Amino acid sequence: MPKLLLKHEGVTLNTYELKKETTSIGRKSDNDIQLNDAVASSHHAQISIKPNEYMEEQIDAKLDDLNSTNGTQVNGCIINSVELRNGDDIQIGSHHFIFESDDTTGMESTAIFLPDEV
């Protein structure tokens, strides 16, 4: 099951399992993950989880910024929407999360075989 690890100086402060199809993150109490951070918007971002349509044991996770005032960063880059990969570093306000997924099958490296020239 995918999860977010809330980290501070290398220490895991909290773990959030992403059990729902959509997980909301923000300052208001109606979010699935509530942040006590003035820099975070009321409804800052959301993570969507769905099964991969080609590989049944894999999941696809997408992070969307919800037009937040101060933006959402993944691996140091401001994003609007991004597919998450295992180990991605997400920053919302002063909060740093690490995205963890059980899908660590090395799918990010693809081999391409070219035919021998005749």
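Begin by selecting K20 and D32, which form a salt bridge whose closest N and O atoms are 2.8 Å apart; the term denotes a side-chain nitrogen of Lys or Arg within 4 Å of a carboxyl oxygen of Asp or Glu. K20 lies in the loop between β2 and β3 and D32 in the loop between β3 and β4, so the pair ties together parts that are 12 residues apart in sequence. The strands named here are DSSP runs (E, at least two residues), numbered from the N terminus. K20 is partly exposed at a relative accessible area of 45%, and D32 is partly exposed at 36%. Under this scheme, buried means under 20% relative accessible area, exposed over 50%, and partly exposed in between (1.4 Å probe, protein chains only).

The model is predicted: local features need pLDDT of at least 70, side-chain atom pairs count only at pLDDT 80 or more, and totals for chains, interfaces and linings use all residues. Residues are numbered from 1 along each chain as its sequence is written, and side-chain values use heavy atoms, with hydrogens and water left out.

**The other salt bridges**

A search of the whole structure finds three salt bridges. Select K19 and E17 next: their side chains meet in a salt bridge at 3.8 Å, N to O. K19 is exposed, with 62% relative accessible area, whereas E17 counts as partly exposed at 46%. Then select K62 and D64, whose closest N and O atoms are 3.9 Å apart in a further salt bridge. K62 is partly exposed at 32% relative accessibility, while D64 is buried at 14%.

From β5, proceed to strand β3 (residues 22–26), which runs antiparallel to β5 and is joined to β5 by four bridges; S24 has Q46 as its bridge partner in β5.

**The six-stranded sheet**

Now display the open sheet of six strands, ordered β2-β1-β11-β10-β7-β8 with antiparallel pairing. At its edges stand β2 (11–17) and β8 (77–79); each has a single partner strand, so one side of each is left without a neighbour in the sheet. The twist averages 30 degrees from one strand to the next, with axes taken as lines fitted to C-alpha atoms and angles running from 0 to 180 degrees between N-to-C directions. Inside this sheet, β7 runs antiparallel to strand β10 (residues 89–92), to which two bridges join β7. Select V74 and its bridge partner in β10, I90.

T72 lies in strand β7 (residues 72–74) and counts as buried at 0% relative accessibility. Its side chain makes a polar contact with the side chain of D65 at 2.5 Å. A polar contact is a pair of N or O atoms within 3.5 Å; within protein, one must be able to donate a hydrogen and the other to accept it, and residues adjacent in sequence count only if both atoms are side-chain atoms. Leaving aside residues up to four places away in sequence, T72 touches H44, A45, L63, D65, C77, I78, I79, I90, Q91 and I92, a contact being heavy atoms within 4.5 Å.

Conventions. Two strands pair if DSSP finds at least two bridges between them.
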